[in-house]
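I opened this notebook to record what I looked up in one protein structure. The entries follow the order in which I worked.

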Amino acid sequence: MLARLGADRGQSRAEGEKLALFARGKDLIEEADVEVAVGDAAELALDRIVLAAGSGRSAEAVLECDRIVASGESAQGVIAALQRHFLRLHRLRSGHDAGRSLDDVMRALRPAPHFKQKAIFEQQCRDWSLAKLNAALSKIGDTAQAARLNSALESTLAERLLLELGALSRRKS
């Protein structure tokens, strides 16, 4: 369970309470119980970062990045999550630009976005042109390489990337 909890104490407490309710009446809580009942707080934090970055909310993305890095997550993990997110957006936008409806393209996406994130994904697909997505993926790739070459600067590089993505998202196509 500890591996699934993040830096947010309130959220960690809530996950513990949820597990206690789930396992009520059991003599022993097993790993499978934790898998079913407890969300992955680090994964949720990464989702908040990439969704904020894709929506142009740089300040929020940087704040969440600082929190997750302070809790022990690697800044390179944040960069990798950004790369996965923007590749998915690129796949969506490419399919949509090829004439498929946004609903069809969303249904074909694997893994499918969480139902709570579907509207945000659709809006980001509308907001980001293929040219802007190509520029974003180029920046992400360059940052990933720089972070691998100099791990002492990975947090600074990740924050700079989030700011650059925010500026790119606000730029007119």
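**Entry 1. The whole chain.** I began with the meaning of an element: helices are DSSP runs of H or I with at least four residues, strands are runs of E with at least two, and they are numbered from the N terminus. The model I examined is a predicted one. With that definition, I found nine helices and zero strands in the protein. Read from the N terminus on, the elements run α-α-α-α-α-α-α-α-α. I then looked up the extent of the C-alpha atoms, which fill a box of roughly 60 × 40 × 25 Å along the principal axes. The protein has 173 residues, and 40% of them count as buried.

**Entry 2. Helices α5 and α8.** I next examined how helix α5 (residues 75–97) packs with helix α8 (residues 130–149); the angle is about 160° and the axes are 10 Å apart. Angles over 145 degrees count as roughly antiparallel, so I recorded α5 as roughly antiparallel to α8. The crossing of α5 past α8 is left-handed. I listed the residues that meet: on the α5 side they include Ile79, Leu82, Phe86 and Arg93, and on the α8 side they include Leu133, Leu137, Ile140 and Ala144. By class, this contact of α5 with α8 holds twelve nonpolar, seven polar and three charged residues.

**Entry 3. Helices α8 and α9.** I followed α8 to its contact with helix α9 (residues 154–170), where the axes come within 10 Å and cross at roughly 175°. Here too the cut-off for roughly antiparallel is over 145 degrees, and α8 and α9 are therefore roughly antiparallel to each other. Among the residues of α8 that meet α9 are Ala135, Ala136, Lys139 and Thr143, and their counterparts in α9 include Leu157, Leu161, Glu164 and Leu168. I noted the classes in the contact of α8 with α9 as ten nonpolar, two polar and four charged.

**Entry 4. Aromatic rings.** How many aromatic pairs does the count come to? I found one aromatic pair.

Entry 5. I looked up serine 58, which is placed in helix α4 (residues 58–70). Serine 58 has a relative accessible area of 8% and is buried. Apart from its neighbours within four places in sequence, serine 58 is in contact with Leu162, Leu163, Gly166, Ala167 and Arg170. I then turned to alanine 81 in helix α5. Alanine 81 is buried, with a relative accessible area of 6%. With neighbours within four places in sequence left aside, alanine 81 is in contact with Leu46 and Val50. I also noted that the C-alpha atoms of alanine 81 and aspartate 47 are separated by 8.1 Å, with the two residues 34 apart along the chain.

Notes:
Residues are numbered from 1 along each chain as its sequence is written. This is a predicted model: local features need pLDDT of at least 70, side-chain atom pairs count only at pLDDT 80 or more; totals for chains, interfaces and linings use all residues. Side-chain values use heavy atoms; hydrogens and water are left out. Axes are lines fitted to C-alpha atoms, for helices over the stretch in contact, and angles run from 0 to 180 degrees between N-to-C directions. Angles under 35 degrees count as roughly parallel, over 145 as roughly antiparallel, 65 to 115 as roughly perpendicular and the rest as oblique. A crossing is left-handed if the near helix is turned anticlockwise from the far one by less than a right angle, and right-handed if clockwise. Contact means heavy atoms within 4.5 Å. Ala, Val, Leu, Ile, Met, Phe, Trp, Tyr, Cys and Pro count as nonpolar, Asp, Glu, Lys and Arg as charged, and the others, Gly among them, as polar. Rings of Phe, Tyr and Trp (its six-membered ring) pair if their centres lie within 6.5 Å; planes under 30 degrees apart count as stacked, over 60 as edge-to-face and the rest as tilted. Buried means under 20% relative accessible area, exposed over 50%, partly exposed in between (1.4 Å probe, protein chains only).
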